[in-house]
Amino acid sequence: MRPTKRGIDIVAFAGRRLWSHVIMLRSLSRVSHVGLLCEHDGVEYVIESLEDVGVRLVPFKRWKEWRGKITLYSMESVFDSQRQEMIDEGMKLLGLQYASPWQFLRSFGFASRALMRRLVMRKDVETNRFFCSELVAHLMRKADIKLPKSPVEMTPGDVVSLPFVRPVVERVK
């Protein structure tokens, strides 16, 4: 696997289903899901973490079948070696489980977040399980890309709003 020839790094999705709207509303974001785009033998794939599935590699053409808005993003000021490191690390994580409901509650619940801060408890309760934006942010951090907060606190909207991430193509289905 390697970075795409067309310079696209991140794929974001804004779905039309209820769960997508809940994620966008709670995170004050315009997207509900993100993944890392890569390529092998001319075929584009997405490394993503999906509920009930976990970390997986899926052909990008399957993303195109989803109903909603897909936006492709490029990371500026990021070296090709860092892109490759993100992909290599993502490939190592294939098969890991999706984040548990407890991690979601810890990361994004209003009351639970405040209580955990007050009790000085860890932000990441399961370091080997990821939700989508946490996975992409984790891969960025592994490639020595600076982030404004912990990967476990990153929402899909946070990922695509990073100062070095720029939209390239937007498509509505």
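**Strand pairing, salt bridges and a surface patch**

Strands 2 and 3 form a hairpin with two residues between them, and D41 in the turn has a positive phi of about 50°. The model is predicted. A search of the whole structure finds eight salt bridges.

**Strands**

- Strand 2 spans residues 33-40, and seven of its eight residues are buried.
- Strand 2 pairs with strand 3 (residues 43-50) in the antiparallel sense, over five bridges.
- Within that pairing, L36 stands opposite I47 of strand 3.
- Strand 2 also pairs with strand 1 (residues 10-15), again in the antiparallel sense, over four bridges.
- Here V11 has G35 of strand 2 as its bridge partner.

**Salt bridge R2–E39**

- R2 and E39 form a salt bridge, with the closest N and O atoms 2.8 Å apart.
- R2 lies in the segment before strand 1 and E39 in strand 2, so the pair ties together parts that are 37 residues apart in sequence.
- E39 counts as buried because its relative accessible area is 5%, under the 20% cut-off.
- R2 has 36% relative accessibility, so R2 counts as partly exposed.
- Salt bridges that share partners join R2, K5 and E39 into one network.

**Salt bridge R166–E76**

- The side chains of R166 and E76 meet in a salt bridge at 3.4 Å, N to O.
- The pair links distant parts of the chain, 90 residues apart.
- R166 sits in strand 6 (residues 165-172), and E76 sits in the loop between strand 5 (68-75) and helix 3 (80-92).
- R166 is partly exposed at 38% relative accessibility.
- E76 is partly exposed too, with a relative accessible area of 37%.

**Salt bridge D80–R83**

- D80 forms a salt bridge with R83, the closest N and O atoms being 3.5 Å apart.
- Both residues lie in helix 3, three residues apart, about one turn of the helix.
- D80 has 56% relative accessibility, so D80 counts as exposed.
- R83 is buried, at 11% relative accessibility.

**Surface patch**

- V22 is found in helix 1, which covers residues 18-27.
- V22 counts as partly exposed because its relative accessibility is 35%, between the cut-offs of 20% for buried and 50% for exposed.

Definitions and conventions
Residues are numbered from 1 along each chain as its sequence is written. This is a predicted model: local features need pLDDT of at least 70, side-chain atom pairs count only at pLDDT 80 or more; totals for chains, interfaces and linings use all residues. Side-chain values use heavy atoms; hydrogens and water are left out. Buried means under 20% relative accessible area, exposed over 50%, partly exposed in between (1.4 Å probe, protein chains only). Two strands pair if DSSP finds at least two bridges between them. A salt bridge is a side-chain nitrogen of Lys or Arg within 4 Å of a carboxyl oxygen of Asp or Glu.
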